[in-house]
Amino acid sequence: MLTTIILKIPNIFFDISSLLSVSYKYIHNNSIICFPNISAGPAAELFGYNAICSTLTYLYVPYFRLLNIHEANLLSIIILSIIFTVLVGLGFFTFLKNSKLNLYQRFRQLDTDRQLLTQNFEHIFNNTSEIVLYLDERLNIIDINARAAKILNVSKEDLIGKNIRQIKPTPEEEIERIRKILNRRNSILFETSLQTERGLINLEINAIQTFTDGKKILMIIVRDITDKKNFSQKIENLNRALKILSECNRSLVKAKDEKTLIKEICNLIVEKGGYNFSWIGYTEEDQNKMIVPAEFAGAENGLLSNYTFTWKDDQAGNNPAGIAVLTGKSFICNDSITNNLCENWKSEAAKSGIASTIALPLMNSSKTFGVLNICSNKPNAFTSSEEIEILEELAGDLAYGINALREQEKQRRISLQLEESEERYRNFFNDDLTGDFISTADGKILVCNPAFVKILRYSSADELLNKNASEIYYDRSKRDDFLKELKEKGRLEFYEIDLIAADGSKITVVENVLARFNAHGEIYEIVGYLFDITAKKEAEKQLVLLSKAVEQSPATIMITDQNGAIEYVNPKFEEITGYSSEEVLGKDPRILRSGLTPPDQYKEMWSVILSGKLWRGEFLNKTKHGAYYWEDAAIVPIINGGLTHFLAIKEDITARKKMTVELIEAKEKAEKSDRLKSEFLAQISHEIRTPLHAMLNLSSIIKEEVEETNFQSDILDRCFSGIRISSKRIIRTVDMIVNMSQLQTGNYSYSPKHLNLYDDLLAQIYLEFKTIADDLRLNFSLEKLTDELNTTVDDYSVIQIFNQLIDNAIKFTPQGKITIRLFRDHSSKLTAQIEDTGIGIAENYMPHLFTPFSQEEQGYSRSYDGNGLGLALVKKYCDLNNIQIDVKSKKGIGTTITLTFPG
């Protein structure tokens, strides 16, 4: 029992410590915290607050900490309990001895103090400027002071029991931070904001853990720091504006040109000022009254390209920049969404992320010439009057800087123009193509330009400055006439005179001179210029000669203006057309039209000559008396700084046209005759070949019948052989005639194929002629010297070429050899060469080699048969396949024919 009491003594003091700690903290720190009705135990009821406070402060707490009681063993606790019991007892008796009040009075005083303390707490709780809330563990409101209800504009009764989330949508991270206070005895301090009826307010939140009725609760102390925040923001904005002003003024001092200056100002506003976008625009004074952006910096986001800024006094000019220009005053829009003054502009501003903007006019002494625009992505960015004043000062400094730079540029341009004017005058004098000069009345040349020196063909001006003007006159007596006339008139215009050049030649010049007179009416100075017309005078002579040539030309010559009206015709025109020049001047050349020339030809002519080019063509025209005539016309535009005239030179070709028609008719008759001949040959070949084939077949049958009867004789063999050879000769002749007929009439069907010349053609042809050559004991060979033998040709015509050439080689080679070679020449073209050691071809016959029906030996006594069509057909087949054929031959030595295939 004693042990239990002793062990409970520290608990008594612990209860006292808990109560006193809370009370002491409240009294001395004057903090607004909960004053819970905690049961302090028997000792608290027995002693007054002062005694408890003294005991705890001076005895219990120091020794408790000194001994580090939570680490002590049981014996230490017992000893400490005994010591405290003794000390408490001594204190108790001391209290009874010294107290002037009895125990009853102390209890009444304690109750009075409690009531007073509660009243004071309630007064402070409800009248403090801070918002105070008590929350349970679920963050529901237990109690709230009057200040909170007033700010939230809700009665206290309506708020108690609600969750804190219902008052302010609170991020979960804030809720989590507040909830953690319930689990440990500490506090947190953070800032947030709340949207109320009077606007957005900034709050400082202090969350503290405490107890009531033994339960954990949260005390939330909320301070309205909106004014503090606004003041800090105002100071920050002012510092920012001052920084911009300082940096921009530094740029103004250093600026060398306007474009660099405004670009740097825009960059400084964004980079140093922290605004997200700035731009400068200049006004235009035309009817559109545009504000043209000159420079910008920051997040433009397409605003300047999507929206057209104007300063018209209508809906189009209803934008911040336009209003600033029109009023000459700064225009501020602190909320682009709710602003009602700039309906057209605010939708584009919202798309570009602009929440607020200020437009500051840039002015010179008389008017607004531009506008500085500063934009922010935050609303209410321009509420400080001090900041606005600084930005207006910046705009004024910028306008002054721009005006100063423009004035400097203007002065620089004026200075440059003066220099250029002097330079131009100097250059004009030196580069003038006319000869400028100043001289005295007695002929001393004071100054002259290079053209003057050049016209007179001197090497330098110094040579002329040492001469007297009379010395350069071709006829010196003319100088006196010149001075006399000049004195009478004061000036002479286009005065023609002959001068003598440095090389002694005569030159003709025209002078324009002005005399300067002294007070006595005497000429003291002559100023003028001259130009050389020697070439012009010579050209006039040439023009006269040319005019004579045109007048006497055998061709018709007509000159019209650019609209086609006749300005000149020569005598030949009058002779051919029957019209006199008086009858056609001013008229259109249409008066000559016969109506038989196609209209498209006239359209083509005008299209060509109007483009500045020469047109040639023929017209069928009609004379004044109705006779038709043909003329070959060449019409050319005359360009003299532009198209001014047209020159037509025409030749009467009526007789030539008549002759041409007659020749064409003769040619058509010849071609018709040739076609009739070809058709006749084709028909005759059919009529000849059909019975010949029948004769060959019948002779073969007769021969077989004779052989079966064993009746043979040399005479019969020779007869059958003669029939066979003669029939084949006739058939070959007919085939050649037919083939030639097809080629001449254009009826041959050309069908090119991609083939191998050796494998697809020559190998088989070689085998066919090999037997014949062997029978004649000729050395016949085919040499393949390349493997690239592919070509594209018409196979039938190429077979005919090789058949005819090889047949000729065998026929005209009594003995020796025949060689066919395939190779690629020096140009890598496929080449076939047929070489024989036959009788050769005479040199005088070579030009007629490919003429149809021609042979080197003519008449019935010729040594070899043939019809003269073979090589003619070969040539035509070669032309058909674009094959080049070359023949080299020497009489008695042999012939070499070379075929070069295309590609």
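This is a predicted model: local features need pLDDT of at least 70, side-chain atom pairs count only at pLDDT 80 or more; totals for chains, interfaces and linings use all residues.
The strands concerned are E9 (residues 356-363) and E10 (residues 368-376), which run antiparallel and are joined by eight bridges.

- E9 and E10 are part of an open sheet of five strands, in which the order is E7-E6-E10-E9-E8 and the pairing is antiparallel.
- Strand E7 (291-298) and strand E8 (331-333) each have a single partner strand, so they stand at the edges and one side of each is left without a neighbour in the sheet.
- On average, and with direction ignored, neighbouring strands of this sheet are turned by 15° against each other.
- Helix H11 (residues 258-271) lies across strand E6 (277-283), E7 and E10, and the helix runs at about 50° to E7.

**Strands E22, E24 and E25**
- Strand E24 (residues 817-824) pairs in the parallel sense with strand E22 (residues 779-784) over six bridges, and here Glu783 stands opposite Arg821 in E24.
- E24 also pairs with strand E25 (residues 830-836), in the antiparallel sense and over seven bridges, with Asp836 in E25 as the bridge partner of Ile818.
- E24 and E25 form a hairpin with five residues between them, and in its turn Ser828 has a positive phi of about 65°.

**Helices H26 and H27**
- Helix H26 (residues 795-811) packs against helix H27 (residues 870-880) at an angle of about 145°, with the axes 9 Å apart, and the crossing of the two helices is left-handed.
- The residues that make this contact include Tyr796, Ile801 and Leu805 of H26, together with Leu871, Val874 and Tyr877 of H27.
- By type, the residues of the contact of H26 with H27 divide into seven nonpolar, five polar and no charged.

**The nonpolar cores**
- The largest nonpolar core has 41 residues, and those with the most contacts inside it are Phe802, Ile806, Leu899 and Phe901.
- Elements that give two or more residues to this core include E22, H26, E24, E25 and H27.
- Leaving aside residues up to four places away in sequence, Phe802 touches Leu757, Leu762, Ile765, Ala832, Ile834, Leu899 and Phe901.
- Another core, of 30 residues, lies apart from the largest one, and among its members are Ala255, Leu360, Leu372 and Ile402.

Notes:
Residues are numbered from 1 along each chain as its sequence is written. Side-chain values use heavy atoms; hydrogens and water are left out. Two strands pair if DSSP finds at least two bridges between them. Helices (H or I, at least four residues) and strands (E, at least two) are DSSP runs, numbered from the N terminus. Axes are lines fitted to C-alpha atoms, for helices over the stretch in contact, and angles run from 0 to 180 degrees between N-to-C directions. A crossing is left-handed if the near helix is turned anticlockwise from the far one by less than a right angle, and right-handed if clockwise. Contact means heavy atoms within 4.5 Å. Ala, Val, Leu, Ile, Met, Phe, Trp, Tyr, Cys and Pro count as nonpolar, Asp, Glu, Lys and Arg as charged, and the others, Gly among them, as polar. A nonpolar core is a set of buried Ala, Val, Leu, Ile, Met, Phe, Trp, Tyr and Cys residues joined through side-chain atoms within 4.5 Å. Buried means under 20% relative accessible area, exposed over 50%, partly exposed in between (1.4 Å probe, protein chains only).
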